[in-house]
Each structure stands twice: as C-alpha cells, then as structure tokens.
Amino acid sequence: TYLATSIQPAWHPLISMKLATRRHIQRGGRTLVLFFHSSEIYPARSGYPSPHQVERLLERLRRYLVWLTRAYTVQGVCLRDLT
C-alpha cells in the first residue's frame, strides 16, 4: 500500500505545502502528488486574471520544488509507475 498526500500550489501557500510534506513523511508516507491544472497557469482562464498572478503561482511551485529536492531524496514517477 502507498501512503499519499497531494500538494496543490494554486490552492495552498508555500508554508502549508512544506508542512504537509513534512507531516506526511513523518507518518511514513512515500508518495507526494503534486498537481495543478494547465488552465491555472493561463491568465484570464482560471481565476488568475493577470500574468503577474500566474508568475506568483509558478514562483511558489519553483520554491517548493527547490526546497523539496534539497530537503529529501526525490524520484519523479508517473501514476502508472506506482502499480
């Protein structure tokens, strides 16, 4: 069995994503699901009315991934690789 949690950068601030990740790993979790919809990075189609807000989302995502790869050993996989 796999313990999993999802991290959604369009819904959560960076600190929440980090805390959820730490707690998940402390509980023995091995799988993180990082997802966002392509429309969330397309201005005026997703509730992000300006390119500036899209840039902020992408920056949050970049900062999370930099933190994650420095704090933990990470291996990217597709869902089909987990079966």
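In which helix is Leu65 found? Leu65 is found in helix α2, helices being DSSP runs of H or I with at least four residues, numbered from the N terminus.

## Basis of the model

This is a predicted model, in which local features need pLDDT of at least 70 and side-chain atom pairs count only at pLDDT 80 or more, while totals for chains, interfaces and linings use all residues. Residues are numbered from 1 along each chain as its sequence is written, and side-chain values use heavy atoms, with hydrogens and water left out.

## Packing of α1 and α2

Helix α1 (residues 14-26) packs with helix α2 (residues 51-71) at an angle of about 30 degrees, and their axes are 10 Å apart; the axes are lines fitted to C-alpha atoms over the stretch in contact, with angles running from 0 to 180 degrees between N-to-C directions. The two helices α1 and α2 are therefore roughly parallel to each other, a term for angles under 35 degrees.

The contact (heavy atoms within 4.5 Å) is made by Leu14, Met17, Lys18, Thr21 and Arg22 of α1, together with Arg60, Arg63, Tyr64, Trp67 and Leu68 of α2.

## The nonpolar core

Ile7, Leu14, Met17, Tyr64, Trp67 and Leu68 form the largest nonpolar core, which has 6 residues; such a core is a set of buried Ala, Val, Leu, Ile, Met, Phe, Trp, Tyr and Cys residues joined through side-chain atoms within 4.5 Å, where buried means under 20% relative accessible area (1.4 Å probe, protein chains only). The largest share of this core, 3 residues, comes from α2.

## Leu65

Leu65 counts as partly exposed because its relative accessibility is 35%, between the limits of 20% for buried and 50% for exposed.

Notes: Parallel < 35°, antiparallel > 145°, perpendicular 65-115°, else oblique.
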